[in-house]
Amino acid sequence: MLDETFKHAKQKTVGLKQTQRALEKGRVRRVYMAKDAESHVRRPVIEWCDSHNIELVEVPTMKELGKACGIEVGTAIAAILHE
């Protein structure tokens, strides 16, 4: 399901920095976060999503999230943006 969601998304971010910039601009519809990402990466994104009512979906591993995003390395955070 995650693969299909990302595959069909027209606008998305991959990685913490891109996603943080999109969050600050209010462009994020849904955030995907790897459960095995480090807590100092996860915590601020979780808090931001909670305080701004943004859907947060947890993915089992960084490797799985990276694969869903179409990259060959793992990633901790990714997001689908408003179109």
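Which residue stands opposite Val57 in β3? Tyr32 does. Strands here are DSSP runs of E with at least two residues, helices are runs of H or I with at least four residues, and both are numbered from the N terminus.

A word on the model. This is a predicted model, where local features need pLDDT of at least 70, side-chain atom pairs count only at pLDDT 80 or more, and totals for chains, interfaces and linings use all residues. Residues are numbered from 1 along each chain as its sequence is written, and side-chain values use heavy atoms, with hydrogens and water left out.

Now the sheet. Four strands form an open sheet in the order β1-β4-β2-β3, and the pairing is mixed. At the edges sit β1 (12-14) and β3 (55-59), each pairing on one side only. On average, neighbouring strands are turned by 20° against each other, direction ignored. Pairing takes at least two bridges found by DSSP between two strands. Strand β2, residues 28-34, runs parallel to β3 over 5 bridges.

Next, the helices on the sheet. Contact means heavy atoms within 4.5 Å. Axes are lines fitted to C-alpha atoms, for helices over the stretch in contact, and angles run from 0 to 180 degrees between N-to-C directions. Helix α3, residues 39-52, packs on the sheet and touches β2, β3 and β4. The direction of α3 makes about 150° with that of β2.

On to salt bridges. The term covers a side-chain nitrogen of Lys or Arg within 4 Å of a carboxyl oxygen of Asp or Glu. How many does a search of the whole structure find? It finds 2.

Take Arg30 and Glu55: their side chains meet at 3.0 Å, N to O. Arg30 is in strand β2 and Glu55 in strand β3, 25 residues apart. For exposure, buried means under 20% relative accessible area, exposed over 50%, and partly exposed in between, using a 1.4 Å probe and protein chains only. Arg30 is buried at 19%. Glu55 is partly exposed at 42%.

Then Arg42 and Glu58: the closest N and O atoms are 2.6 Å apart. This pair joins helix α3 to strand β3, across 16 residues. Arg42 is buried at 14%, and Glu58 is partly exposed at 39%.

Last, the cysteines. Disulfides number 0, the cut-off being two cysteine sulfur atoms within 2.5 Å. Cys49 is buried at 2% relative accessibility. Cys69 is also buried, at 10%.
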